[in-house]
Amino acid sequence: MPGNRWITSLPSGLAGIGLAFALSGCVGGPAQAPNTTGTSPTVVPPASEISQPTSAPADSSPAGQPPPTSAPSETTLESTTSPLTVFYVAIEDRGKSGPLIGCGDSIVATETGPVIYASQVEASMSTLLEDKDAEHGQSGLVNTLSASELTYVSASVSGDTVTVELSGEILSGGTCDDPRIVAQLTHTAMVAAGTGEAVILINGVDVNKYLSQK
């Protein structure tokens with residue numbers, strides 16, 4: 001019968017349509033590969049653009065030595081301005097004008113005008129030694145060191161004693177001049193240093209021993 005033929009052919013036609021759709025799905029374009037990382041790819045810059053660590057400047061100092069430092073400024077002693085006390089002799093004064101010494105004489109303190117100095121001992125001793133006048137002005141006082149050739153070398157203080165070193169030669173007029181010379185030197189040194197005793201060395205020899213050898 002014609003009707004039965006149509007019915008039986010319908011399923012085969014539907015099957016053909018389904019096959020056609022299936023084939024069309026197989027010939028479609030290729031699918032993109034999925035991104036498995038889930039993040040954007042990392043871009044690595046060229047090596048020339050990567051900043052290099054800055055090296056520390058080379059130390060120009062010699063090996064094993066610290067870098068040079070600025071030289072410390074040289075220090076100097078502070079200067080003072082004041083009169084100086086220098087001693088001379090009052091011959092046969094019998095201790096009226098000052099302490100009694102030697103052959104009935106007196107050792108007398110005199111004062112200079114203002115003097116600028118760094119060491120009072122050096123300034124006072126140099127003032128005495130550089131005075132070549134036999135008499136001290138119009139005072140009548142005598143300078144028994146006027147004929148001597150002495151130069152100040154150094155001074156040091158230990159306890160209540162000042163030690164003054166001089167170089168050169170002493171010229172003494174005799175037995176009575178020796179204690180006058182010693183008194184002028186020791187008293188001038190003691191007042192300048194502010195001590196109660198003084199040791200005077202002439203070329204490294206105590207002044208008393210030095211004079212006794214003359």
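I take a salt bridge to be a side-chain nitrogen of Lys or Arg within 4 Å of a carboxyl oxygen of Asp or Glu. I kept in mind that this is a predicted model.

**Entry: the count.** I looked up how many salt bridges the structure holds, and found 2.

**Entry: Arg180 and Asp177.** I started with the pair Arg180 and Asp177, whose closest N and O atoms are 3.0 Å apart. I then checked Asp177 for accessibility: at 18% it counts as buried, because the cut-off for buried is under 20%.

**Entry: Arg180 and Asp105.** Next I followed Arg180 to its salt bridge with Asp105, where the closest N and O atoms are 2.5 Å apart. Asp105 belongs to strand S4 (residues 105–111) and Arg180 to helix H3 (residues 177–193), so this pair ties together parts that are 75 residues apart in sequence.

**Entry: putting the pairs together.** Which residues do the shared partners join? Going back to the bridge between Arg180 and Asp177, I see that Asp105, Asp177 and Arg180 form one network. I am happy to close the page on that one.

Notes: Residues are numbered from 1 along each chain as its sequence is written. This is a predicted model: local features need pLDDT of at least 70, side-chain atom pairs count only at pLDDT 80 or more; totals for chains, interfaces and linings use all residues. Side-chain values use heavy atoms; hydrogens and water are left out. Helices (H or I, at least four residues) and strands (E, at least two) are DSSP runs, numbered from the N terminus. Buried means under 20% relative accessible area, exposed over 50%, partly exposed in between (1.4 Å probe, protein chains only).
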